[in-house]
There are 2 protein chains.
Amino acid sequence: MTIKVSIDASGGDHGIPTTVAAGIKALNVFPDLQLVFVGDKSSIQTELNKHPSSQKLSNRFNVTHASEVITMDESPSNALRKKKDASMRVAINLVKDNTVDACVSAGNTGALMAISRFVLKTISGISRPAIMGRMPTMSGHTHMLDLGANINSGPKSLVEFAIMGSIAVKYTENINSPTVGLLNVGEEEMKGNDNIKKTSELLKASNLNYIGFIEGDDIYKGNIDLVVCDGFEGNIALKASEGVASMMGHYLKQAFTKNIFTKIIALIAKPVLKDFKASLNPGQYNGASLLGLRGIVIKSHGGADVDSFFQAIKEAYLEAQVKITEKIATQVSLELEKNSE
Amino acid sequence: MTIKVSIDASGGDHGIPTTVAAGIKALNVFPDLQLVFVGDKSSIQTELNKHPSSQKLSNRFNVTHASEVITMDESPSNALRKKKDASMRVAINLVKDNTVDACVSAGNTGALMAISRFVLKTISGISRPAIMGRMPTMSGHTHMLDLGANINSGPKSLVEFAIMGSIAVKYTENINSPTVGLLNVGEEEMKGNDNIKKTSELLKASNLNYIGFIEGDDIYKGNIDLVVCDGFEGNIALKASEGVASMMGHYLKQAFTKNIFTKIIALIAKPVLKDFKASLNPGQYNGASLLGLRGIVIKSHGGADVDSFFQAIKEAYLEAQVKITEKIATQVSLELEKNSE
């Protein structure tokens with residue numbers, strides 16, 4: 001089976017040089033992958049020519065021209081209404097008309113969500129798509145949604161997130177019955193607001209492997225496969241976590257560059273510090289899924305470098321391979337049937 | 001001026017040995033401090049006898065017996081209704097009857113909040129107290145509230161938090177006009193829910209030094225003096241941050257203990273790693289304020305050791321010294337007058 005992925009080549013902070021290099025890497029790694037690079041055709045061609053392997057791979061990719069680019073600070077509604085020939089939109093259109101199985105973009109998140117919803121629509125039974133990402137833990141990684149697509153999610157939406165996330169984790173990670181935790185301010189039943197208590201009741205009554213409330217620090221302990229939360233809390237938790245990681249990196253660097261002696265120690269400790277950084281490398285977790293759409297759309301971090309944009313392509317490839325959209329649609333319709341009985 | 005502080009000696013995971021040792025340390029550091037240790041009198045006396053300096057300090061502390069202890073997992077309502085002679089309650093009563101200027105407890109947070117509200121009541125114009133804590137940043141520390149006392153805070157409550165927090169930061173940190181940021185999922189005006197947008201409008205119209213929306217990672221950048229948020233998000237951000245810090249500590253330790261070579265490097269790098277740990281030592285930020293009460297109540301982390309419980313006593317001492325309760329009451333009544341004009 002061939003997996004076809006469209007790439008919004010012009011999207012992201014670094015644009016075509018990065019997305020094309022990552023695409024070439026992905027083609028070299030996954031023999032059954034085919035790519036469509038979308039963006040300014042001549043710039044993409046120029047970039048492709050810089051990669052020696054692109055010639056022998058040329059029967060596995062093509063370039064689709066798009067005349068516009070959505071900027072990172074553009075309003076989603078403006079991008080949706082006015083930029084019909086943006087690289088992002090054209091890349092999503094290719095999912096819609098089944099030319100490709102998935103799309104990857106490092107562009108404006110709000111615009112990606114708005115255009116994806118407009119072009120692809122949501123799966124029947126899903127009110128709004130949610131953004132699911134992977135997060136590092138003490139023993140590997142976990143998944144968390146929603147990371148910021150929805151604010152003020154009610155119990156029905158949160159349960160939808162749990163269903164969609166469970167299916168995605170089940171098939172992309174090969175975990176038969178992923179454990180699901182609901183993010184709250186305490187683990188006791190009495191903790192939290194009415195919204196979260198009602199959600200917990202619904203999750204208990206579901207077929208999901210729901211383990212109950214979890215707290216913010218539980219995200220990183222490595223004993224939960226899926227963390228469910230509203231996008232407001234999810235985004236704040238994600239950004240706060242990034243902030244702490246940066247701060248700790250800053251203090252670690254400061255300690256090792258304080259004076260000539262600490263700098264010598266830094267040289268000696270270099271392999272260990274490199275090993276430490278590798279274990280936490282956020283790039284390896286790049287590629288968040290816009291779950292709930294009638295098609296696979298993967299959001300890369302805007303500042304992704306070649307290796308981390310490659311991870312986002314890999315995520316698209318894996319989700320397309322297991323046909324995640326169909327799996328979610330089937331499960332959601334089963335749940336809806338069950339609830340209507 | 002003498003500052004008097006009551007200590008819930010039996011509270012916390014480590015109880016009397018830790019709280020008494022921290023109290024003795026505080027008496028040695030602050031010559032104008034007086035303490036009342038509250039808890040089982042004979043256990044406290046036994047512990048005091050272990051400290052050589054307690055004899056010469058004996059005219060600066062006394063012990064008040066309390067026959068009960070509130071456990072860490074007890075329900076706040078049960079603690080409030082049934083344990084009238086708990087060390088925590090007696091310590092708070094001493095604030096109420098003006099025997100002391102402030103109270104410190106490492107006990108059950110929910111019970112501390114419930115008993116404090118019941119015994120002390122809130123300042124006129126303040127609907128609910130909020131928990132404010134200090135958080136490390138790249139350039140020192142910042143303050144954040146609410147860290148979990150209130151869930152579903154409306155615009156009026158969030159503005160109250162901002163007023164109380166600004167006053168507390170102004171007087172305890174000597175910052176004339178502390179910058180205030182409102183935690184949201186983006187910095188643009190259009191971001192967030194109606195609640196947060198309305199709060200932002202109110203803060204713009206206030207006399208506070210409001211700088212607008214901030215994101216989770218901004219907490220740790222060191223350019224905001226006060227972070228305002230609902231307790232649900234605040235608690236999740238705090239716990240998620242603790243989780244990331246633990247995880248990074250875990251990976252750092254793992255990298256340095258991997259094999260005999262990395263262990264030798266760890267020995268060489270020991271002073272640098274110690275320096276790094278010291279710069280992030282969470283104990284130095286121990287001591288969260290229950291702002292909005294008619295009296296000063298400081299919550300210590302339950303697992304606090306002697307040094308970090310000392311920090312909580314220091315926080316109580318500093319707030320009592322600047323008469324934070326009166327300062328907040330005055331400012332709140334001014335704001336209320338302004339709004340009723």
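Biologist: Which residues does A:Lys299 touch, leaving aside those up to four places away in sequence?

Modeller: In this predicted model, A:Lys299 touches A:Ser105, A:Ala106, A:Gly107, A:Thr109, A:Leu112, A:Gly287, A:Ala288 and A:Leu290. A:Lys299 itself belongs to strand β11, residues 296-299 of chain A.

Biologist: Why is A:Lys299 said to have no salt bridge?

Modeller: The nearest side chain of opposite charge is A:Asp13, and it is 7.9 Å away. A salt bridge needs a nitrogen-to-oxygen distance within 4 Å, so A:Lys299, although buried, has none.

Biologist: How many salt bridges are there over all chains?

Modeller: A search of the whole structure gives 18. One of them pairs B:Asp275 with A:Lys258.

Biologist: How do you know that B:Asp275 and A:Lys258 form a salt bridge, and where do the two residues lie?

Modeller: Their N to O distance is 3.0 Å. The cut-off is 4 Å, so the pair qualifies. B:Asp275 is in helix α9 (residues 260-280) of chain B, and A:Lys258 is in the loop between α8 (231-256) and α9 (260-280) of chain A, so the bridge crosses between chains.

Biologist: Why is A:Lys258 called exposed but B:Asp275 partly exposed?

Modeller: A:Lys258 has a relative accessible area of 56%, and exposed means over 50%. B:Asp275 stands at 27%, which falls between the limits of 20% and 50% and therefore counts as partly exposed.

Biologist: What makes B:Lys258 and A:Asp275 a pair that joins two chains?

Modeller: Their closest N and O atoms are 3.0 Å apart, in a salt bridge. B:Lys258 lies in the loop between α8 (231-256) and α9 of chain B, while A:Asp275 lies in helix α9 of chain A, so two chains are joined. B:Lys258 is exposed at 56%, and A:Asp275 is partly exposed at 26%.

Biologist: Which residues do salt bridges with shared partners join into one network in chain A?

Modeller: A:Asp217, A:Asp218 and A:Lys221.

Key: Residues numbered from 1 in each chain as written. Chains lettered and ligands numbered in written order. Predicted model: local features only at pLDDT ≥ 70, side-chain atom pairs only at ≥ 80, totals over all residues. Heavy atoms only, no water. Helix = DSSP H or I, 4+ residues; strand = E, 2+ residues; numbered from the N terminus. Buried < 20%, exposed > 50% of the residue type's maximum accessible area, 1.4 Å probe, protein only. Lys, Arg positive; Asp, Glu negative; His and termini not counted. Contact = heavy atoms within 4.5 Å.
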